[in-house]
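Let's take a walk through a protein model together. Have the sequence and the 3D view open, and look up each spot as we reach it.

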Amino acid sequence: MLTDKTILITGGTGSFGRSFTKYVLTHYQPKKIIIYSRDEFKQWTMAEEFKEYAEKLRFFIGDVRDLERLKRACDGVDYIIHAAALKQVPACEYNPNEAIKTNIHGAMNVIDAALDCGVRKVVALSTDKAVNPVNLYGGTKLVSDKLFVAANAYVGNKDVNFSIVRYGNVAGSRGSIIPLFDNIIKNGGRELPITDVRMTRFWISLTQGIELVIKALIEARGGETFISKIPSFKVTDLAEAMLPGCKIKEIGIRPGEKLHEIMVTTEDSATTYEYDKHFIIYPQMTWNNRQQPDLSGRKVEEGFSYSSNNNKEWLSVEDIRELLKKDM
């Protein structure tokens, strides 16, 4: 699927982009991977990290807000992985116009560039925060998701489709609580702060996220939202796994924070199908004859939802310890 293909990753110097690049270079033989991002220093450090693959990597300084630069970068590109976004909830709340420019206008620019430059497939990374959003970041990502689904209406005779991959905070990423706990522990702390002791989260590793994106590249026909089946854990169990016998300080839920991560809502259940290792939310509308869903899965029951507190699979404290050794 990815052999001899040119792939562009927006926000490619982030934790996902670096891991995706390493995975593809290790498991496939791509023609070229284009890293598109704003930070020249991160691009330099990434080029140093991957210098053995220098002949297959290209680095483009650019912003998804800049359509002309995106079009230039998309010349000859087969697939786009759209990972660029403003993701920090407080920063988005304080700078709403900037969040809109990057997360919404940037999504529109990726779509326009893909349609105009002959790109074959686009997979956009979404987040649990786009589901029933309670903060601006989630709101902008909800709009972004809707734009990528509706982009299939503009395909016409072009051989291109747009799909979405949705997951929550990746274990160990900057957005997860694990680095915060780890820093406190390394500095001798014996008390870990938790916003609410009832809080639950999904556990997904970067590798699982990457494999879901590749599944979307292979299987998507247009407008699907792919969601992995992954285990849940209690944040109090994570604290115990990282620091046995620790004290827990409940500090109160933060603005824009949810008690539980939600991936599939009851409203989505009407078009959601369950497969062995994932769910797919199919679009409610189809716009071309290539956009035919693979309905080999089982349609979920009416009113079904998939959230971290109603999951069937849970991690124990010992399970979390083992995953911390493996995934961190």
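## Before we start

This is a predicted model, so to speak of local features we need pLDDT of at least 70, side-chain atom pairs count only at pLDDT 80 or more, and totals for chains, interfaces and linings use all residues. Residues are numbered from 1 along each chain as its sequence is written, and side-chain values use heavy atoms, with hydrogens and water left out.

## The sheet

Start with the open sheet of 10 strands, whose order is 3-2-1-4-5-6-9-14-13-15, with mixed pairing. The strands here are DSSP runs of E with at least two residues, the helices are runs of H or I with at least four residues, and both are numbered from the N terminus. Two strands pair if DSSP finds at least two bridges between them. Strands of a sheet pair through backbone hydrogen bonds, either parallel or antiparallel.

Which strands stand at the edges? They are strand 3 (57–61) and strand 15 (298–299); each has a single partner strand, so one side of each is left without a neighbour in the sheet. For a parallel pair, look at strand 1 (residues 6–10) and strand 2 (residues 32–37), joined by 5 bridges. There, Ile-9 stands opposite Ile-35 of strand 2.

## Zooming in on strand 14

Strand 14 (residues 278–281) is covered on both faces: His-278 and Ile-280 are buried on one side, Phe-279 and Ile-281 on the other. Buried means under 20% relative accessible area, exposed means over 50%, and partly exposed is in between (1.4 Å probe, protein chains only).

Now for the partners of strand 14. Strand 9 (residues 225–228) runs antiparallel to strand 14, with 4 bridges between them, and Thr-225 has Ile-281 as its bridge partner. Strand 13 (residues 272–274) is also antiparallel to strand 14, through 3 bridges, and here Thr-272 is the residue opposite Ile-281. Strands 13 and 14 make a hairpin, with 3 residues between them.

## Rings that meet

A pair of aromatic rings is described by the distance of the centres and the angle of the planes. Rings of Phe, Tyr and Trp (its six-membered ring) pair if their centres lie within 6.5 Å; planes under 30 degrees apart count as stacked, over 60 as edge-to-face and the rest as tilted. By this rule there are 7 aromatic pairs. In one of them, Phe-16 and Phe-20 have ring centres 5.5 Å apart and planes at 25 degrees, so that pair is stacked. Both sit in helix 1 (residues 15–27), 4 residues apart, about one turn of the helix, and both are buried. Tyr-273 and Tyr-282 have ring centres 5.7 Å apart but planes at 75 degrees, so they are edge-to-face. Tyr-273 counts as buried at 16% relative accessibility, and Tyr-282 does too, at 7%.

Most residues other than glycine have a negative phi, and most peptide bonds are trans. Asp-4 is not a glycine, yet has a positive phi of about 65 degrees. Asp-4 lies in the segment before strand 1 and is exposed, with a relative accessible area of 53%. Asn-132, also not a glycine, has a positive phi of about 45 degrees. You'll find Asn-132 in the loop between strand 5 (121–127) and helix 6, partly exposed at 45% relative accessible area.

Last stop: is Leu-243 buried or exposed? Leu-243 is buried, with a relative accessible area of 6%, and its place is the loop between helix 9 (235–242) and strand 11 (247–250).

In the second largest pocket, helix 6 gives the largest share of the lining, 5 residues.
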